[in-house]
Amino acid sequence: MKTIQFNDDTPLPAIGQGTWYMGENPAQRAQEIAALQAGLDAGLKLIDTAEMYAEGGAEEVVGAALRGRRDQAWLVSKVYPWNAGEVDAIDACERSLRRLQTDYLDLYLLHWRGNVPLEETVRAMQTLQQQGKIRHWGVSNFDSDDLQELWSEAGGMGCATNQVLYHVASRGIEFDLLPLCQQHHTPVMAYCPLAQAGRLRQALFDDATLQQIAQQKGISIAQLLLSWVIRQPGVMAIPKAGSVAHVQENAAALNITLTSDELALLDRAFPPPQHKLALDVV
């Protein structure tokens with residue numbers, strides 16, 4: 001099974017659970033809770049959420065799913081850029097903790113870069129660590145120059161991860177950002193590893209090359225896409241699964257290995273970048 005490690009923490013399965021769009025529809029709450037709990041049962045310990053998701057609604061769903069099971073999860077949440085100041089980040093984190101019904105986060109991320117100076121956000125994260133409210137901190141949607149600037153700040157090397165968009169049809173990070181993170185032993189968390197829902201995702205699931213490889217291996221296209229993302233050392237995928245069946249399917253992808261011939265086919269269908277590209281975000 002492929003694993004990933006944040007700083008000196010316990011290795012985790014390289015597939016976690018995302019929660020974007022959870023908590024938006026009360027009618028789906030029970031199903032979302034069941035899916036997250038099934039993910040824990042399947043060994044997908046890392047659960048990623050954010051104060052942005054349903055304006056705290058997703059955190060409330062996660063909190064309900066973890067009732068009595070907090071020690072089985074490795075919990076991640078994210079702070080809005082405008083809440084990332086030295087005082088505001090403390091308040092934002094405490095609100096997240098209340099919604100999550102826990103007294104600490106394993107990892108707290110700056111959701112994307114805003115106008116608050118990085119040095120101030122780093123100090124806020126260090127304060128939260130000293131208070132025992134977070135164990136690790138990191139960033140999301142940072143390109144290579146953002147990371148270099150962060151690392152140059154006092155305490156900036158404490159950044160435990162960078163969470164970015166990455167899937168087979170969005171490979172821009174492979175040119176410079178991913179190698180930079182690997183060089184600095186900074187794990188990458190890939191959000192939307194199955195592509196954002198809509199036309200692009202449908203196009204991927206209809207792609208002839210993906211269908212051919214998946215059929216030959218006896219796996220689903222979703223499993224193929226996830227196994228492709230985590231083929232890279234130091235990369236984990238955090239797909240959202242809204243049902244028990246989907247989360248079990250995701251967990252099974254941890255044990256799928258793609259051959260060099262299969263990877264070459266995918267490179268032909270979805271060529272890797274040949275030059276620097278702007279960071280892809282959704």
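I began at a strand pair: Val139 stands opposite Asn162 in β8. Three bridges join β7 to β8, and the two run parallel. My pairing rule is at least two DSSP bridges between two strands. Strands here are DSSP runs of E with at least two residues, helices are runs of H or I with at least four, and both are numbered from the N terminus. From β7 the chain passes through helix α5 (residues 144-152) to β8, a right-handed β-α-β crossover. Right-handed means that, with the strands pointing away from me, the path from the first strand over the helix to the second runs clockwise.

Before going on, I noted that this is a predicted model, in which local features need pLDDT of at least 70, side-chain atom pairs count only at pLDDT 80 or more, and totals for chains, interfaces and linings use all residues. Residues are numbered from 1 along each chain as its sequence is written, and side-chain values use heavy atoms, with hydrogens and water left out.

**Strands, continued**

How many residues of strand β8 are buried? I found seven of the seven in β8 (residues 159-165), so the strand is largely enclosed by the rest of the structure. Buried is under 20% relative accessible area, exposed is over 50%, and partly exposed lies in between (1.4 Å probe, protein chains only).

On to β9 (residues 188-191): β8 pairs with this strand in the parallel sense over four bridges, and Val164 stands opposite Ala190. With helix α6 (residues 177-183), β8 and β9 make a right-handed β-α-β unit.

Then I went back to β6 (residues 105-110), where six of six residues are buried. Strand β5 (residues 74-79) runs parallel to β6, with four bridges between them. The chain gets from β5 to β6 through helix α3 (residues 88-100), in a right-handed crossover. Five bridges join β6 to β7 (residues 134-140), also parallel. Helix α4 (residues 118-130) carries the chain from β6 to β7, and that crossover is right-handed.

**Charged pairs**

I counted 17 salt bridges, taking a Lys or Arg side-chain nitrogen within 4 Å of an Asp or Glu carboxyl oxygen.

Asp106 and Arg70 make one, with the closest N and O atoms 3.0 Å apart. Asp106 lies in β6 and Arg70 in the loop between α2 (57-65) and β5, so the pair ties together parts 36 residues apart in sequence. Asp106 is buried at 3%, and Arg70 is buried at 12%.

Which residue pairs with Lys276? Asp143 does, at 2.7 Å from N to O. Lys276 sits in the segment after α11 (260-269) and Asp143 in the loop between β7 and α5, so this bridge links parts 133 residues apart in sequence. Lys276 is partly exposed at 36%, while Asp143 is buried at 10%.

**Cysteines**

I looked for disulfides (cysteine sulfur atoms within 2.5 Å) and found zero. Cys159 is buried at 4%, and Cys192 is buried at 12%.
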